[in-house]
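Have the viewer open and follow along.

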Amino acid sequence: MTPGTAGDGGAQETQGEWLGWRRAAQDALYGPEGFYRTGAEGPAGHFRTSVHASPLFAGAVARLLCRVDEALGRPAALDFVDMAAGRGELVTGVLAALPARVAARTRAYAVEVAARPAGLDRRVHWLAEPPDGVTGLLFANEWLDNVPVEVAQVDAAGVARRVLVRRDGTERLGEPVAGAEAEWLARWWPLTGEEGLRAEVGLPRDEAWASAVATLEAGLAVAADYAHTATARPPFGTLTGFRDGRETAPVPDGSCDLTAHVALDACAAAPTACATAAPATALAARCAPEHTPPDALLRPQREALRALGVTGARPPLALASTDPARYVRALADASQAAELTAPGGLGDFVWLLQPVGAVDAAALLVDVADHKEQ
């Protein structure tokens, strides 16, 4: 994974080990001994993403890249940027799934804080930050949920306060949320005065996403994550941990993943706001729901993947008699597609599609036969 924008998330409290969740998670995930810098198995050893579930996912992303290529008029150099690349599973799968003549024009980048894995395809450029001047597709699969954020909780007096945490996961309430963070909460995740209500303050994610989108000269940026919007915010937040394939208590000691669902509607508005207002306070003031750019789309993963050919349809039974091997392969694909699109699971991911330049995001998700490059 990659940590997103810089920043300490607030000064360390005078109580020694007590830190805001943003600073604590930043150290636990991306510090010298952080979760995403250590371990040969990478994220796949601790949780299952769409990339790990099936090669069909990489195939769908490759198909989307080809559609972006067509929309851009088949440029001489086509870029694919894999944000939070893990051990390079997605970028490797996308290169393998591309038609040969598209692959020959593709410049592939993997953005990750961990060291380059041994044996990775030599065509992949391994970077700590996304490159500038991208023409093509930037794809961020489960990146924003790992951009650390502050957690706010309402106290007995009805005041939203920053939640402080120790390395062992013990929490207490700190100072009232103020400034740009308070403005962000007021606009995107208002907390009533009911004691115990919690929210994750998504401003760093807005900034991280706006920064990533700004690297595109033309094309499409996609963020795929567990997400929520203003109409259905979770009342107690979603901060949690994952270790060895199981959900666990969020403990910022570097032993587990720390993740929280993403307010993707706020992220969608951030690039437009940042185009005219760089300071965080101005960004927060402009990122109101009514300012969400009309060309940015939010779509459930099941809809996006189905438009890209991942349908989960079972093969006709007659195929079992005429071509048994093909039938078995098709049946396996249908099972994997069902997992990628399943309600209550990976299908509940949300895709944010943010076009840059003369690209129509909606047209890219029309379920039609793709053009073949000659």
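## Salt bridges

There are eleven salt bridges in the structure, which is a predicted model. One of them pairs Glu17 with Arg166, with N to O at 4.0 Å. Glu17 sits in the segment before strand S1 (19-20) and Arg166 in the loop between strand S7 (160-165) and strand S8 (171-176), so this pair ties together parts that are 149 residues apart in sequence. Glu17 is exposed, because its relative accessible area is 55%, while Arg166 counts as partly exposed at 32%.

Another salt bridge joins Arg123 and Asp121, at 2.7 Å from N to O. Arg123 is partly exposed, with 38% relative accessibility, and Asp121 is partly exposed too, with 22%.

## A charged network

Glu175 and Arg162 form a salt bridge whose closest N and O atoms are 2.6 Å apart. This pair links distant parts of the chain, with Glu175 in strand S8 and Arg162 in strand S7, 13 residues apart. Arg162 is buried, with a relative accessible area of 5%, whereas Glu175 is partly exposed at 31%. Salt bridges with shared partners join Glu150, Arg162 and Glu175 into one network.

## A buried glutamate without a salt bridge

What does Glu112 lack, although it is buried? Glu112 has no salt bridge: the nearest side chain of opposite charge is that of Arg87, 5.1 Å away.

Glu112 belongs to the loop between strand S3 (106-111) and strand S4 (124-127). Its side chain reaches two backbone nitrogens: that of Ala85 at 3.4 Å and that of Ala114 at 3.5 Å.

## A three-stranded sheet

Now to an open sheet of three strands, in the order S13-S12-S14, with antiparallel pairing. Strand S13 (246-248) and strand S14 (257-259) stand at the edges with a single partner strand each, so one side of each has no neighbour in the sheet. On average, neighbouring strands of this sheet are turned by 35° against each other, direction ignored.

Strand S12 (residues 240-243) runs antiparallel to S13, and three bridges join the two. Gly241 stands opposite Thr248 in S13.

## Cysteines

How many disulfides does a search of the whole structure find? The count is zero. Cys66 counts as buried because its relative accessibility is 17%, and Cys256 is buried at 0%.

Conventions: Residues are numbered from 1 along each chain as its sequence is written. This is a predicted model: local features need pLDDT of at least 70, side-chain atom pairs count only at pLDDT 80 or more; totals for chains, interfaces and linings use all residues. Side-chain values use heavy atoms; hydrogens and water are left out. A disulfide is a pair of cysteine sulfur atoms within 2.5 Å. Buried means under 20% relative accessible area, exposed over 50%, partly exposed in between (1.4 Å probe, protein chains only). Helices (H or I, at least four residues) and strands (E, at least two) are DSSP runs, numbered from the N terminus. Lys and Arg count as positive and Asp and Glu as negative; His and the chain ends are not counted. A polar contact is a pair of N or O atoms within 3.5 Å; within protein, one must be able to donate a hydrogen and the other to accept it, and residues adjacent in sequence count only if both atoms are side-chain atoms. Two strands pair if DSSP finds at least two bridges between them. Axes are lines fitted to C-alpha atoms, for helices over the stretch in contact, and angles run from 0 to 180 degrees between N-to-C directions.
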